[in-house]
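This report describes a protein chain shown below as sequence and structure.

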Amino acid sequence: MLVLPAELTHAQAPTCLNMLLKAARAESEPQVLVDATALTRFDSSALAVLLECRRECLQDGKRFAVRGLAPRLRELAGLYGISALLPDPALPEDTAVSVKEAVLPFKRFITAQGKVVDSILGPEMRSTGEVL
C-alpha cells in the first residue's frame, strides 16, 4: 500500500509523484492501493499526481484505487469529472436505480366499449404507492 503525505501541493507534487511511481512499480499485488487518509493540505496538484500514478499503474497492468480521499478532494474530483477514475474500495459503487412512473391521462379512462371509467384509485392502490 502506498501512503500519501500530509501535504501535497504544487511544490511537493514532482517529488511525491516520483516516490509513488517507484513504490507502485515495486508492488507485487495486482492492485495498487493508495492510502490518502493522512492528506490534509492539498490543491488540485494532488489530483494530477493521483491520475499520473493511475495511468502508470494501468500501463503496468495493475488496478488502481485510493482509500480515504478527503471529502473536499473527492468533491473537487467530481467537479472535474474524474471521481470515477479514483475509486475508493470502501465506498459502494454507483448502482443503477429504477423508478416506476405512473402514466395517468388528465381525461378519464375509457374502456373498449366506450364506457368512461373513474380514474380515482381505491385505498388498496393508495397503500401500495400507486397514486401520485
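T9 lies in the loop between strand 2 (7-8) and helix 1. Helices (H or I, at least four residues) and strands (E, at least two) are DSSP runs, numbered from the N terminus. The model is predicted, so local features need pLDDT of at least 70 and side-chain atom pairs count only at pLDDT 80 or more, while totals for chains, interfaces and linings use all residues. Residues are numbered from 1 along each chain as its sequence is written, and side-chain values use heavy atoms, with hydrogens and water left out.

T9 is buried, with a relative accessible area of 13%. Buried means under 20% relative accessible area, exposed over 50%, and partly exposed in between (1.4 Å probe, protein chains only). Leaving aside neighbours within four places in sequence, T9 is in contact with R41, F42, D43 and S45; contact means heavy atoms within 4.5 Å.

**Overall fold**

The protein has 4 helices and 7 strands. From the N terminus on, the elements run β-β-α-β-β-α-β-α-β-β-α. Of the 132 residues, 27% count as buried. Among contacts with a separation of 6 or more, 69% are between residues 24 or more positions apart. The protein exposes about 9200 Å², of which carbon and sulfur atoms supply 58%; accessible areas come from the Shrake-Rupley method with a 1.4 Å probe, and for residues only the protein chains shown count as cover.

An open sheet is formed by 3 strands in the order 1-3-5, with parallel pairing. Strand 1 and strand 5 are its edge strands, each pairing on one side only. Two strands pair if DSSP finds at least two bridges between them. Strand 1 (residues 2-3) and strand 3 are joined in the parallel sense over 2 bridges, and V3 stands opposite D35 in strand 3. Strand 3 is joined to strand 5 by 5 bridges, and these two also run parallel. Here V32 stands opposite F64 in strand 5.

| Side-chain pair | Polar contact |
|---|---|
| D35 and R67 | 3.0 Å |
| R63 and Q31 | 3.3 Å |

D35 belongs to strand 3 (residues 31-35). D35 is buried, with a relative accessible area of 10%. Not counting residues up to four places away in sequence, D35 touches M1, L2, V3, L4 and R67.

R63 is in strand 5. With a relative accessible area of 49%, R63 is partly exposed. R63 touches P30, Q31 and V32, again not counting residues up to four places away in sequence. R63 and V32 are 31 residues apart in sequence, yet 6.1 Å apart in space, C-alpha to C-alpha.

**The nonpolar core**

Which residues of the largest nonpolar core touch the most other members? Of its 28 residues, they are L4, L50, C53, F64, V66 and L73. A nonpolar core is a set of buried Ala, Val, Leu, Ile, Met, Phe, Trp, Tyr and Cys residues joined through side-chain atoms within 4.5 Å. The elements that give two or more residues to this core are helix 1 (13-26), strand 3, helix 2 (44-59), strand 5 (63-67) and helix 3 (71-80). Apart from neighbours within four places in sequence, L4 is in contact with C16, L20, V34, D35, A36, A38, L39 and L50. In soluble globular proteins, nonpolar side chains tend to be buried together.

**Helix 3**

L73, R74 and A77 are buried in helix 3. Seen down the helix axis, the buried residues fall within an arc of 100°, so they line one face of the helix; the arc is that of the directions from the helix axis to the C-beta atoms. An α-helix has 3.6 residues a turn, so residues three or four places apart point the same way. On the other side of helix 3, P71, R72, E75 and L79 are exposed. The cover over the buried residues of helix 3 includes strand 4 (41-42), helix 2 and strand 5. Helix 3 is followed by G81, whose phi is positive, near 80°.

Key:
Polar contact = N/O pair within 3.5 Å; in protein donor to acceptor, adjacent residues only side chain to side chain.
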